[in-house]
2 protein chains.
Amino acid sequence: MRGQDEALSAVVRHLGPTFSLPEGAEVLTDFGHYASVLRIAEGIGLAICTDGVGSKTIVASRMARYDTIGFDCVAMNVNDLICVGATPIAMVDYLGVHTLDPERVDAILGGLGAAAKEAGIAIPGGELAQLPEVIGSDGRSHGDETAFDLVGTSVGVVAPDAINVGAKIQEGDAIVGLHSSGMHSNGFTLARRVLLSEGGLTLKDSPGGLDRSLGDELLEPTTIYVQAVKGLWRAGIDTRGLAHITGDGLLNLCRLEAKVGYDIEALPVAPSIFGLIQERGGIEDAEMFRVFNMGIGFVIIVPDNQVDDVLRIASEHGHSASRIGTVSDERGIVRLRERHLAGSLESGAFS
Amino acid sequence: MRGQDEALSAVVRHLGPTFSLPEGAEVLTDFGHYASVLRIAEGIGLAICTDGVGSKTIVASRMARYDTIGFDCVAMNVNDLICVGATPIAMVDYLGVHTLDPERVDAILGGLGAAAKEAGIAIPGGELAQLPEVIGSDGRSHGDETAFDLVGTSVGVVAPDAINVGAKIQEGDAIVGLHSSGMHSNGFTLARRVLLSEGGLTLKDSPGGLDRSLGDELLEPTTIYVQAVKGLWRAGIDTRGLAHITGDGLLNLCRLEAKVGYDIEALPVAPSIFGLIQERGGIEDAEMFRVFNMGIGFVIIVPDNQVDDVLRIASEHGHSASRIGTVSDERGIVRLRERHLAGSLESGAFS
C-alpha cells in the first residue's frame, strides 16, 4: 500500500539517524526485524519491541468481554521478542480508553497479569489514558464509551553474539510449525467485514463448524509461545530461525535474514474460523494466506535431525506442532505446495 | 477520582504478582515512581517508563501542524526516566491513526527523530497502527481522519545502587526549578474547555498577552531536560531529588520517597498562557496549580551550597532556572507560600 511504503520510508529517514548513540550504547539491528536490539553494556543486549492488539478490541467491546485481550497484548509482544533470541523480561502496557470504567479496566488488567505470569515476565508499570475525544469518538459526538486501545512494549535480554535473525538457516533445514489457537490478533478488519457487516452474522451466532459463539471464537486469545521456545533453548536445540506468524501470514518467514526460500509442504487443518471466513467471503486461498495465520502461529527452523525433539518439547509445553516444510534454495520465496501458491515479502502477496 | 483509584487498585492487584521473575531478573522499584527499574544483570538496572501526549494531539489535528508533537512524546518519556537516575538510551513509539496520511506521518516522525537527537536516544523501532473504527471514530460514523494517538516507551540504564527515588533528600536542601516552555503535555482538557468551547476563542486567535496564535502557543513542545540533568551528573552535583512536573503540578514532589515537605517560596512568572486560562475560566489558584506546571517543568533538589552550580549548568544547556524553595519538615506537604496554599498527594489538591 502506498501509505505504508511512504510511512516506512519516513521511519528510515527520520529515525535512522538516531541510531548512533552517545554513552557507548549501540543499535545492533536494522528496522524490520521482530525486535530491535541495543548493546547496553559489554556482553548485554537489550531487545525491545512494541505491538498492539489492533481492532480485536472492537470485538471485546461488542461482546462486553474484557478478560482475554490482555493475553493478546502480551502474546503479540513476547512472541516477537523471542524471534531475535531474547529472553523476555518485562512489558509495560498502554491502555487508552474513552471512558474509565473500573470493572472493564479490572478485567483487562487481570488478563494482562495472568498472561504475564504465563510468559514469565513482569509488568512493572504502564499508562492508563482517558481520551474521550480521540478513542471511540470523532471529537464531536459523545462516542462509544466501551472503546479502547491496548498496546504493549516488551523488553528482554540477549547476548549480542546470540542475536538470532535467521542468518544460520541452511537449505534442507526443517520448518516446524507451532499451531495457532485461531485468529490471534490480526486480520480482524477483514474478518469482521466478511462475517458481520457483509455476512449477516452476529457475534452471538454459532454458525456451522463452530462449537461456541462467533464472538467467543474471535476472542480466543493469541497463543504465548515463550515457554516452549525457552524449553528448546534449554534443551540445546539449534533454533536457526524463529518467526512469529501475524499479519502477512507465512510471508513473515521472509523477514528472516537468510538467502533461502521456504517450501511449505504439509499444513495442518486450520481452525474452523478460517474456513468460515473464506466461505462466507468467497475469499481466495492467496488472500487467506496473506492475511491470516491459517493455523500456524509460530515457526521454528531447525536442523532436520532435531525435528522430533522440537515436537516433543512443544508437546510438553501444551502446543500442537508439526513439521510443515523444508528450507529451499528459492531465495526469498515462500511456496505453499498444496495450494500451488508462492509469495515474497516484496510482492506482499501469494499468487 | 473514584475510577482512577479503583484502576490503581486493579494495577497493584493484578500486576503486582508479576514482579517475581524467573531468570534471576528482579523489579527493584514499586508502582508509582516515574519509571520502573529491573535488575537485568549484576550491576545493571534497566529503567523503563511509558507515557503518551494525551489530548494535545487534538490541537495538532485542528492546527494541521504535526511537527512538534513528537517532541512532546519524547520529552514526556525521557524526562520521567531521568527522575530515577537513569540515562535514557532508547524509545519506541506507538502511533495509532484513523487514516494513514503519509505527510502527517512524515511530520510526526520528523519531530520524533529530531527530539530523539536532542535527548540523545535512539528510536530503533515502533508501531504504526491504522484503526479507523477506534481512533477518531465511534465505529459507526466515518470519523475524524486527522485523529491520532501518540505514545512512547523509553528505556535507560542505571546501576542498581544509583537508583534515585529521592531517599537522600534532607530538610534544608534547596529546591531548584527548571522553567517550562508552556503547557507541556498535560492539562489540555481543561485548557481547551476554558479557552475554546466555553471561552469563545479559536486556535487562530492571538488574545492579549500572547505574541502568536493560541494554537501555536498550545503546541509549544514540552522541554527536554535530559542533557541538563546529565550535565549535572557529569559535574558531580548531588541531585538528591528529581521530579518531572506534569499532571498534579508541583504535587509531583510528593512522589519522591523522602520524609520531608516542600516549601515553595519564589516561583518565576508563569508563561502567559496560564494567565489567559485562569482569567478566561475564572479558575482559582488552587486548581491552576493542581492541573498545570505553572512555569516549572522539572525540579532538582540539591544541597544548598550547590544551587549556583545547578543554575549555571542549566543555563549552559539553555534552560532558565531559579531557586524556588527549600525542603521542610512538613512531611508530605507542598506549600506554596506566595499563594497561601498547601497540598499533598493523598488529598490530590491544594487548598
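Tutor: A residue counts as buried if 20 or more other C-beta atoms, placed from the backbone, lie within 10 Å of its own, exposed if 12 or fewer, and partly exposed in between. This is a predicted model, where local features need pLDDT of at least 70, side-chain atom pairs count only at pLDDT 80 or more, and totals for chains, interfaces and linings use all residues. Residues are numbered from 1 along each chain as its sequence is written, and chains are lettered from A in the order in which they are written.

Student: Which residues of helix α7 in chain B are buried?

Tutor: In α7 (226-234), they are B:Val226, B:Ala228, B:Val229 and B:Leu232. Each is called buried because it reaches that cut-off of 20 or more.

Student: Why are β13 and β14 of chain A called paired?

Tutor: Pairing takes at least two DSSP bridges. Two bridges join β13(A) (341-344) to β14(A), so they pair, running antiparallel. A:Gly343, for instance, has A:Phe350 in β14(A) as its bridge partner.

Student: Why do β8 and β14 of chain A count as edges?

Tutor: β8 (241-244) and β14 (349-350) of chain A each have a single partner strand, so one side of each lacks a neighbour in the sheet. The order in this open sheet of eight strands is β8-β10-β7-β11-β9-β12-β13-β14 (chain A), with mixed pairing.

Definitions and conventions: Helices (H or I, at least four residues) and strands (E, at least two) are DSSP runs, numbered from the N terminus.
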